[in-house]
Each structure stands twice: as structure tokens, then as C-alpha cells.
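Dear colleague,

My findings follow after it.

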Amino acid sequence: MNIQVTYRRTTRLSMRIVKNGDVHVSAPVGLSRKKVGEFIEEHRDWILQASKRMVARQEQRTKFFNQLPMETRIQREEAIRRLKVLVEPMIEQHAKEMGVCPNAISYKPTISRWGQCNIKNRNINISIYVLLLPEWCVEHVVVHELCHLLEPSHNSRFYTLMDKYFPRWREARKETRRICRLKDGIK
């Protein structure tokens with residue numbers, strides 16, 4: 001386990017575990033190394049447990065995404081073909097209803113986000129991994145990204161648009177999170 005200490009303008013010591021299991025400690029500027037070391041030692045059990053949980057979560061996340069075979073070009077092309085058949089009618093229907101027109105739709109194997117919308121060029125990217133979700137959860141992703149063409153940020157106007165165009169969005173988001181946890185073996 002790697003421990004990284006950063007001195008900042010803060011009033012208290014804090015720490016977090018990052019995705020790879022390393023520990024990042026934030027300490028007030030001027031606090032002695034001895035005090036920082038004591039803080040880390042006092043929290044050694046928490047660090048070990050939290051690091052184990054983080055590494056296990058990352059392994060389970062990898063296992064979830066590996067359910068969709070994408071090792072070969074043929075597998076990726078087949079996944080994109082299936083995704084286009086599913087997503088493009090949704091985009092066409094909702095874009096028309098919302099009065100928006102994305103410039104381009106792309107499909108990439110992103111695991112950090114289900115979808116992305118580039119406001120400047122009006123391009124939308126949908127993760128190929130949405131194929132692991134139920135159709136109505138995929139529709140939630142589509143509507144979410146199309147709403148960004150009307151409202152770039154996640155503010156109250158954005159959520160009002162989501163309520164209008166996909167009233168079940170909260171339920172879909174919750175179901176997507178549940179599916180990812182269950183298929184990962186996380187309860």
C-alpha cells in the first residue's frame with residue numbers, strides 16, 4: 001500500500017482511498033510529519049479495511065464489464081451493431097420530441113461513463129457497455145445525454161427536463177446502480 005501525504009490550506013487531517021488502493025492524506029500546512037504519522041498509525045485498521053474494499057470493488061467492476069466480450073475487432077463491431085439497432089430509434093424519437101438534433105452519435109467502450117455529450121460540437125457518445133443494461137435503463141442514458149443539448153449542467157432546469165422527457169429517470173438510475181452491484185457480487 002502506498003501512502004501519499006499532501007500539505008494543503010486546510011484545518012484538519014483527512015484521508016481517502018483512491019481506486020488503486022493507495023491512501024491519500026491531506027494535512028494542514030505546517031503540521032509536523034510526526035503528527036501526520038501518528039494520524040496514519042491511529043487509522044491503520046481503517047486504511048487496511050478500506051483499501052481491501054476498494055481493490056475488491058475495482059475487481060468486481062472489471063468482472064462486470066468483462067461480461068461483454070470486446071477482445072477482438074469482430075466482437076467490438078458486433079456490439080456496436082447491436083447497440084445502434086437499440087439506441088438509434090431512441091435517439092430519433094426523443095430528439096424529435098425534445099426539438100434537438102445531435103451532430104453525431106458515437107459508440108465507444110468507455111467504463112467511466114454510460115454516456116457523454118460534448119456541448120460545443122453537439123456530439124453524443126454512448127458507452128458500448130450499456131448493452132449490459134435493460135432497455136429502459138439504456139433509454140435513460142439516451143434521454144440524459146439529449147437533455148444536455150438543452151441544458152449543459154446538472155442543475156434544476158436539467159432535472160426538470162429529465163422529469164418531463166423521462167419521468168422514470170430516478171428509478172432507471174437506481175436500477176442501473178443495483179444491476180452493476182449485483183452482477184459484481186456486491187450487495
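A residue is called buried under 20% relative accessible area, exposed over 50%, and partly exposed in between (1.4 Å probe, protein chains only). At 33% relative accessibility, Val5 is therefore partly exposed.

The model is predicted, so local features need pLDDT of at least 70 and side-chain atom pairs count only at pLDDT 80 or more, while totals for chains, interfaces and linings use all residues. Residues are numbered from 1 along each chain as its sequence is written, and side-chain values use heavy atoms, with hydrogens and water left out.

Val5 lies in strand β1; helices (H or I, at least four residues) and strands (E, at least two) are DSSP runs, numbered from the N terminus.

Helix α1 spans residues 33-42, and its buried residues are Val36, Phe39 and Ile40. Seen down the axis of α1, these buried residues fall within an arc of 95 degrees, so they line one face of the helix; the arc is that of the directions from the helix axis to the C-beta atoms. They pack against β1 (3-8), β2 (14-17), β3 (23-28) and α2 (44-65), where contact means heavy atoms within 4.5 Å. Lys34 and Glu42, on the other side of α1, are exposed.

Arg122 is located in the loop between β5 (115-118) and β6 (123-127). Its phi is near 60 degrees, a positive value in a residue other than glycine. Most residues other than glycine have a negative phi. Arg122 is partly exposed, with a relative accessible area of 27%.
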